Amino acid sequence: MFEPMTDIVPSFFAWLNQGPLTLTIFLHTVIILPMFWIYKQEKNRLENEK
Amino acid sequence: MANKSVWSDNRFWQRTAAWVTGFAAVLLIWLTFDTSAQISMGTDADLKDGVTKRVPGPTVINYKITYEMSTKRGHEVPVIGEKEKFFGRDDWSEEEAAELLHLGKLGSQAKNCMDCHTLLGNGAYYAPDLTKAWLDPAWGPEGSLQAMTGKNTKEEAMAEFLQHPSQYPTHERMMPNLGITEKEAIGLVAFLKHMSSIDTNGFPRNFGKMQGAVHGK
């Protein structure tokens, strides 16, 4: 599932480029998870406005 | 106002877009610096100390370059070996080698090699990919191209061919005579030798499948 680091120099981008799963997990972590957080904040804000 | 949905709320989408755009910007700027560090050219000292660089210094022309399968990385990588004579010398200084590569690079641009060939992924596929041309066994000691020119070394054979390409039957699509001088030809061969030593993550993919291109196969 997780491929070993095979790039010439170990770097963050080499890790990101190992396969589709690393990229998917990374993008979900940095885009989808913060969206949940933003969603909750905005929901609270809208409820308090009422 | 009754039960306004977050999904139809402008602020939610604004904040999401700001986050994604901002994060992507930071990531791309980081990637730019990461890449420039990785593609910066090595030095003569790096070669002597055995420091692996994606793009070795110009004096790599003093060394033998082979193409070896790396099982760890899953593709072939150029390996810089022992000293090897290049046009009769294996002591090209850093300045001389850099000058030669510069001449070859300018020559490749002036003669528009990329009109037909591909160099490091740029160019056309009308003529053979030149990224790893130096490692092509056809130019080697038992290769048909070297035999065709009647020369005894790879570099002399390539230089001879570059000066009189239309004299040699190579391919249905024969290379035209571009008026390349002897000095330019030496520069171009140095340029090609250096290019073959660049770690391109196995590009071009099909090169390693050529008979004899990879050491020991």
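## Close-up views of a predicted model

**View 1. Asn177(B) sits out in the open.** Asn177(B) counts as exposed because 12 other C-beta atoms lie within 10 Å, and a residue is called exposed at 12 or fewer. Please keep in mind, here and in every view below, that this is a predicted model. To find Asn177(B), look in the loop between H5 and H6 of chain B. Which residues does Asn177(B) touch, not counting residues up to four places away in sequence? They are His164(B), Pro165(B) and Ser166(B). Take Pro165(B): twelve residues separate Pro165(B) from Asn177(B) along the sequence, and their C-alpha atoms are 5.6 Å apart in space.

**View 2. The largest nonpolar core has 28 residues.** The residues with the most contacts inside this core are Met158(B), Val189(B), Ala190(B) and Leu192(B). Three helices of chain B, namely H3 (94-110), H5 (154-163) and H6 (182-196), each supply at least two residues of the core. Which helix gives the largest share? That is H6(B), with eight residues.

**View 3. A closer look at Ala190(B), one of the core residues with the most contacts.** Set aside the neighbours of Ala190(B) within four places in sequence, and see what remains in contact with it. You will find Ile61(B), Leu100(B), Leu101(B) and Gly104(B).

**View 4. Chain B comes in two domains.** Domain 1 covers residues 10-38, and domain 2 covers residues 42-209. How far apart are the C-alpha centres of these two domains of chain B? The distance is 38 Å.

**View 5. Chain A is built with two helices and zero strands.** Its radius of gyration is 17 Å, whereas the globule rule gives 10 Å for 50 residues, so chain A is more spread out than a compact globule. Along its principal axes, the C-alpha trace of chain A spans about 55 × 20 × 10 Å. Of the 50 residues in chain A, 2% count as buried.

**View 6. Helix H2 of chain A, from end to end.** H2(A) runs over residues 20-49, which makes 30 residues. At 1.5 Å a residue, H2(A) should span 44 Å, and its end C-alpha atoms are 42 Å apart, so the two values agree. Where does H2(A) bend? Look at His28(A), where the bend is about 35 degrees. H2(A) is also hardly covered, with one buried residue among its 30.

Conventions. Residues numbered from 1 in each chain as written. Chains lettered and ligands numbered in written order. Predicted model: local features only at pLDDT ≥ 70, side-chain atom pairs only at ≥ 80, totals over all residues. Domains from an automatic or database assignment. Core = buried A, V, L, I, M, F, W, Y, C linked by C-beta atoms within 7 Å. Buried ≥ 20, exposed ≤ 12 C-beta atoms within 10 Å, placed from the backbone. Helix = DSSP H or I, 4+ residues; strand = E, 2+ residues; numbered from the N terminus. Contact = placed C-beta atoms within 7 Å. Expected span 1.5 Å × (residues − 1). Bend = angle between axes of the 7 residues up to and from the residue. Rg over C-alpha atoms; globule rule 2.2 N^0.38 Å.
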